[in-house]
Amino acid sequence: MMKMRFLMVLGLGGLLAGGSVFGVTAEGKKKLVLIAGKPSHPPMMHEFRAGSILLEQCLKGVPGLVVERHEMGWVTDEKTFADADAVVIYSDGGGKHPAVVDGHLETLKGLMAKGVGFGCMHYGVEVVADKAGAEFQKWLGGHYENAFSCNPIWEPKFESFPEHAVTRGVKPFQIQDEWYFNMRFRPAFGDGITAAKDGGEGFVPILVAVPSDATRDGPYVAPKGPYPHIQAEKGQPEAMMWTVERGDGGRGFGFTGGHFHLNWGNADFRKVVLNALVWVSGAEVPEGGVVSSVASGQLHENLDPKPEKKKVSVVVPRVFERRG
Ligand SMILES: [Zn+2]
């Protein structure tokens with residue numbers, strides 16, 4: 001199969017250079033390039049590789065879609081982008097975001113100009129504003145901006161969803177995560193909590209909930225906050241996931257959860273992301289959404305090797321041990 005695809009890429013090379021053809025895999029299916037970031041954080045957090053393996057497994061039965069999964073922050077050979085319909089990055093972000101290092105932003109610009117879809121998950125929604133803020137606003141609709149957005153750990157209740165392919169079959173759910181909010185959305189998209197248009201480009205918030213006052217008061221994960229502009233919005237809803245349809249035909253989504261690996265065990269949390277992965281690739285989201293199952297044992301597979309932090313040895317005098 002790989003050989004066939006390689007030949008297709010070679011054969012289409014001339015057309016691709018003109019930017020007029022993309023998304024033609026050997027199987028005639030839409031192709032999602034799913035990129036997991038490098039190991040990060042303690043075990044069971046930011047398990048980008050294990051998480052993307054689960055998502056890949058869950059998408060196996062979706063007709064019309066092939067998933068090509070990569071690790072360590074980028075594809076092994078950029079030639080694979082030639083027939084990609086979407087690129088989704090689940091990784092750490094900020095200044096070392098895989099989309100901005102090593103000339104990758106230029107590569108992505110070329111893909112976006114062809115209408116390729118783009119999605120970013122968790123820390124992957126954060127870029128440095130003057131490095132790639134404009135690009136992320138164009139491709140995703142918005143991005144996390146340090147000290148403007150915030151990253152508390154909280155448990156939003158997602159009670160209702162807009163009519164959208166990404167919400168098919170998703171039932172109300174509530175789950176604790178490091179749900180970032182207050183993205184730096186494109187000005188036309190306002191606070192990101194209502195559907196909006198910017199010319200011919202459409203924005204739809206998918207996961208919206210009201211943070212509690214305590215959540216807005218912090219602490220946030222880093223910097224701890226609180227930020228007065230976040231506290232000033234007490235009682236107001238926030239968007240933790242959204243979609244954008246670009247004028248170039250490409251689709252985009254941002255999803256700010258995905259910190260805790262065990263959350264992939266929640267069927268609705270998983271379904272809304274699986275639907276988004278299908279939708280951003282231009283494939284048809286099944287009626288009722290992507291059906292999948294993940295056994296609890298699977299949540300402990302493929303974890304990144306993360307050496308335990310050296311324990312600080314504290315010698316407790318016996319006299320203290322006996323107290324209480
Ligand atoms: Zn995180």
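## A first look at the protein and its helix H3

Of the 324 residues of this protein, 43% count as buried (buried means 20 or more other C-beta atoms within 10 Å of a residue's own, exposed means 12 or fewer, and partly exposed is in between, with C-beta atoms placed from the backbone). This is a predicted model, in which local features need pLDDT of at least 70 and side-chain atom pairs count only at pLDDT 80 or more, while totals for chains, interfaces and linings use all residues. Residues are numbered from 1 along each chain as its sequence is written.

**Overall layout**
- The secondary structure comes to eight helices and twelve strands (DSSP runs numbered from the N terminus: H or I of at least four residues for helices, E of at least two for strands).

**The nonpolar core**
- The largest nonpolar core has 78 residues, of which Val87, Val88 and Leu277 touch the most other members (a core is a set of buried Ala, Val, Leu, Ile, Met, Phe, Trp, Tyr and Cys residues joined through C-beta atoms within 7 Å).
- Helix H7 (residues 267-280) gives the most to this core, with nine residues.

**Helix H3, side by side**
- His104, Leu108 and Leu111 are buried in helix H3 (residues 104-113).
- These residues lie on the same side of H3 because they cover an arc of only 60° around the axis (the arc of the directions from the helix axis to the C-beta atoms).
- On the other side of H3, you will find Glu106, Lys109, Gly110 and Ala113 exposed.
- After H3 comes Gly115, with a positive phi near 90°.
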